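Here are my notes on this model, as numbered points. Please read them with the structure open beside you.

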Amino acid sequence: MNTNKRVFKMAFISMGCVVAVVLSFLEGLIPQFAFMPPGAKIGLSNVVTMYTSYYIGLFPSLAISVVKSFFVLITRGTMAFMMSISGGFVSTLVAYLLFALKKKLEQKNSDYNISFIFIGICSALCHNMTQYAVICVLVSSDMYYYIPFLIIFSVLTGCLTGMMLKIVLPVLNFKNINTAKNLKNKKNLH
């Protein structure tokens, strides 16, 4: 890997970390509504990890998830950190795997396609169910009544993050932030 590509990738990951932390902070300012499960968040910063999974890869998106989780540790405590790191790891892995499958299907010009909304929903479901498992292990295992609310909320927030990603991708590509193509184009210009 040449130096320019490494620097660009490191800068992109750093910006992703900053954007994810800022979105996580701003999301914490949103008041808890009566229809939301206790402690539930929309997951705006997950759009950053999903974008990074799609364009850069698994490990950079996991790095952003870890940085975001340490921010949660500093601002919300150990329990929130445990939930954030576990949910972030699993949801990022699921999003990465689904994006890889999506890319393979697109390369083969398959009749089947995986939508960004579907990936957002799967990622949110995995995130919330992993967090639920962590809570059951650390605190109590008799919270089964909570699962239907988490599933409904996961579908709603997953749709939202999937739609946001679908909106953000063309805008960022328009500004030429797609790392692989951007670096190849710059290399050919010099």
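1. A cut-off comes first. A residue is called buried when its relative accessible area is under 20%, and exposed when that area is over 50%. L44 has a relative accessibility of 17%, so it counts as buried. Keep in mind throughout that this is a predicted model.

2. Where does L44 sit? It is in the loop between α1 (3-28) and α2. Which residues does L44 contact, leaving aside its neighbours within four places in sequence? They are L23, E27 and M164. V22 is 22 residues away from L44 in sequence, and the C-alpha to C-alpha distance is 9.8 Å.

3. G43 belongs to the loop between α1 and α2 as well. Its relative accessibility is 8%, so G43 is buried. Not counting residues up to four places away in sequence, G43 touches E27 and T161. G43 and G120 are 77 residues apart in sequence, yet their C-alpha atoms are 10.0 Å apart in space.

4. Next, the packing of α2 (residues 46-55) against α3. Their axes come within 8 Å and cross at roughly 160°. Angles over 145 degrees count as roughly antiparallel, and α2 and α3 therefore fall in that class. The crossing is right-handed. On the α2 side, the residues in contact are N46, V48, T49, T52 and S53. They meet P60, S61, I64, S65 and K68 of α3.

5. α2 also packs against α4. Here the axes come within 9 Å and cross at roughly 40°. α2 and α4 are therefore oblique to each other. This crossing, too, is right-handed. From α2, the contacts use T49, M50, S53 and Y54. From α4, they use T92, A95, Y96, F99, K102, K103 and E106. T49 and S53 are listed in the contacts with α3 and again in those with α4.

6. Now the aromatic residues. How many aromatic pairs does a search of the whole structure find? It finds eight. In one of them, the ring centres of F70 and F81 are 5.2 Å apart and the planes are at 40°, so this pair is tilted. F70 is in helix α3 (residues 58-76) and F81 is in helix α4 (residues 78-107), so the pair ties together parts eleven residues apart in sequence. F81 is buried, at 14%.

7. Y145 and Y146 form another pair. Their ring centres are 6.4 Å apart and their planes are at 70°, so the pair is edge-to-face. Y145 counts as exposed at 57% relative accessibility. Y146 counts as buried at 14%.

8. Ring pairs also build a cluster. Its members are F12, Y51, Y54, Y55, F99 and F116. Two lysines sit over rings of this group. K102 lies over the face of F116, 4.7 Å from the ring centre. K103 has its charged end over the ring of Y54, at 4.8 Å from the centre. Y54, F99, K102 and K103 are also among the residues where α2 and α4 meet.

9. Look at N109 in the backbone. It is not a glycine, yet its phi is positive, at about 50°. N109 lies in the loop between α4 and α5. With a relative accessible area of 66%, N109 is exposed.

10. N128 is a contrasting asparagine. It is found in helix α5 (residues 116-138). Its relative accessibility is 14%, so N128 counts as buried. Which residues does N128 contact, leaving aside its neighbours within four places in sequence? They are L150 and S154.

Terms used
Residues are numbered from 1 along each chain as its sequence is written. This is a predicted model: local features need pLDDT of at least 70, side-chain atom pairs count only at pLDDT 80 or more; totals for chains, interfaces and linings use all residues. Side-chain values use heavy atoms; hydrogens and water are left out. Rings of Phe, Tyr and Trp (its six-membered ring) pair if their centres lie within 6.5 Å; planes under 30 degrees apart count as stacked, over 60 as edge-to-face and the rest as tilted. Helices (H or I, at least four residues) and strands (E, at least two) are DSSP runs, numbered from the N terminus. Buried means under 20% relative accessible area, exposed over 50%, partly exposed in between (1.4 Å probe, protein chains only). A charge sits over a ring if NZ of Lys or CZ of Arg is within 6 Å of the ring centre and within 35 degrees of the ring normal. Axes are lines fitted to C-alpha atoms, for helices over the stretch in contact, and angles run from 0 to 180 degrees between N-to-C directions. Angles under 35 degrees count as roughly parallel, over 145 as roughly antiparallel, 65 to 115 as roughly perpendicular and the rest as oblique. A crossing is left-handed if the near helix is turned anticlockwise from the far one by less than a right angle, and right-handed if clockwise. Contact means heavy atoms within 4.5 Å.
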